[in-house]
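Trainee: I would like to go through the terms used for this model. Please set each value against its cut-off.

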Amino acid sequence: MSKKSYASAIRDTIAQEMRRDEKVFVMGEDVEVLGGIFGCTRGLADEFSAERVRNTPISEAGFVGAGLGAACVGMRPIVELMYFDFALVAADQIINQLAKTRYIFGGKAKIPMVIRGQQGVGRGNAATHSQSLEVLFMHFPGLKLAMPSTPDDAVGLLRTAIRDDNPVIFIEHKALYVDKGDVNDDPNYCIPFGKAKVVREGSDVTVVATHTYVQKALSVAEELEKEGIQVEVIDPRTLVPLDIDTISSSVKKTGRAVIVHEAHKVCGIGAELASQISEFAFAYLDAPVERLGAKSCPLPFNLGLENAVVPQEKDINDAIKRTLYL
């Protein structure tokens, strides 16, 4: 084990996989010299050359499509989006081409491609650079979807994504890049998709959280423990495939569920998770499922207003107590 930041864990994993397999290459805006977003590709061009760390024009539709073509002929591209908001520019390529190509060709075409990049609030990047779009990719079959919340999860999930023969959407969070934690140094360390992590065990209420809200949920759980409330915290880690078995088993144990994420509450992933919890664990629920997400307005530039739009720890605390009728 070694201690690394979220950003350096991603960079080192990409480098290891590029050394292991010469078919792996990186492409995106400013990935060669500037090192891409938060330095996640910094220095790779010095080792692997500009042939394998390729700068692209500011044309997401163009280079996502180029990545798909490369994957179709046997390469394993890692395509970096500077902001996941820009995936909307390449929506046709991702949704109608990348997600469907293997199906269209009856499974004969492998599409070993990863689209990775940042999303979320925390830096005052405003309405068109701060959105959380995971539900969009969750909706369309053919895409796998990973959302690591720790450096170790970033390592294990990214390596699994790069080695997968299907397209993977790998969403990072801009506020996590500087976070440090222990990571597994095994060059073959992989975390299987569809395996949620019980981050903290508890008996009174289940909190399902993603990205930065995993740590926020843990902080709330520690405070509530002082009041005698035992909170179980679950990080799904991947939304496609989704480990609903671990989530529903926890809810069956606790009888209560709170789901918190940064995306807008309306039609966010919390809606789908709440629906599945009701489907698989309804008879065990002692209270309605609580959902927390961003308010229905574009994300502000002002950090104070940004915090007012997305859930805070007090909101998680209040939601937990509502399920307990406190």
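Trainee: What does Ile-229 touch?

Mentor: Leaving out residues up to four places away in sequence, Ile-229 touches Asp-204, Ala-221, Leu-224, Ile-320, Leu-324 and Leu-326. Contact means heavy atoms within 4.5 Å. This is a predicted model, in which local features need pLDDT of at least 70 and side-chain atom pairs count only at pLDDT 80 or more, while totals for chains, interfaces and linings use all residues. Residues are numbered from 1 along each chain as its sequence is written, and side-chain values use heavy atoms, with hydrogens and water left out.

Trainee: Why is Ile-229 called buried?

Mentor: Buried means under 20% relative accessible area, exposed over 50%, and partly exposed in between, with a 1.4 Å probe and protein chains only. Ile-229 has a relative accessible area of 6%, so the residue is buried. Its place is the loop between α8 (212-225) and β11 (231-235); helices (H or I, at least four residues) and strands (E, at least two) are DSSP runs numbered from the N terminus.

Trainee: Is Gly-228 buried or exposed?

Mentor: The value for Gly-228 is 52%, and therefore Gly-228 is exposed. Gly-228 is also in the loop between α8 and β11.

Trainee: What makes Gln-118 count as buried?

Mentor: Its relative accessibility is 3%, so Gln-118 counts as buried. Gln-118 lies in strand β5 (residues 114-119). A polar atom of the Gln-118 side chain is 3.0 Å from the backbone oxygen of Met-82. Beyond neighbours within four places in sequence, the contacts of Gln-118 include Ile-37, Phe-38, Glu-172 and Tyr-177.

Trainee: How do you know that α1 and α7 are roughly parallel to each other?

Mentor: Two packed helices are described by the angle between their axes and the distance between the axes. Axes are lines fitted to C-alpha atoms, for helices over the stretch in contact, and angles run from 0 to 180 degrees between N-to-C directions. Helix α1 (residues 6-20) and helix α7 (residues 151-163) pack at about 30 degrees, with axes 9 Å apart. Angles under 35 degrees count as roughly parallel, over 145 as roughly antiparallel, 65 to 115 as roughly perpendicular, and the rest as oblique. Therefore α1 and α7 are roughly parallel to each other.

Trainee: Which residues make that contact?

Mentor: Among them are Tyr-6, Ile-10 and Arg-20 of α1 and Pro-151, Leu-158 and Arg-163 of α7. By class, the contact of α1 with α7 has nine nonpolar, two polar and four charged residues. Ala, Val, Leu, Ile, Met, Phe, Trp, Tyr, Cys and Pro count as nonpolar, Asp, Glu, Lys and Arg as charged, and the others, Gly among them, as polar.

Trainee: What makes α3 roughly parallel to α4?

Mentor: Helix α3 (residues 60-72) and helix α4 (residues 91-98) pack at an angle of about 25 degrees, with their axes 8 Å apart. That angle makes α3 roughly parallel to α4. The contact is made by Ala-61, Val-64, Gly-65 and Leu-68 of α3 and Gln-93, Ile-94, Gln-97 and Leu-98 of α4. By class, this contact has five nonpolar, three polar and no charged residues.

Trainee: Why does Asp-30 count as partly exposed?

Mentor: Its relative accessibility is 35%, so Asp-30 counts as partly exposed. Asp-30 is in the loop between β2 (24-28) and α2 (44-48), and its phi is near 65 degrees, a positive value in a residue other than glycine. Most residues other than glycine have a negative phi.

Notes
Polar contact = N/O pair within 3.5 Å; in protein donor to acceptor, adjacent residues only side chain to side chain.
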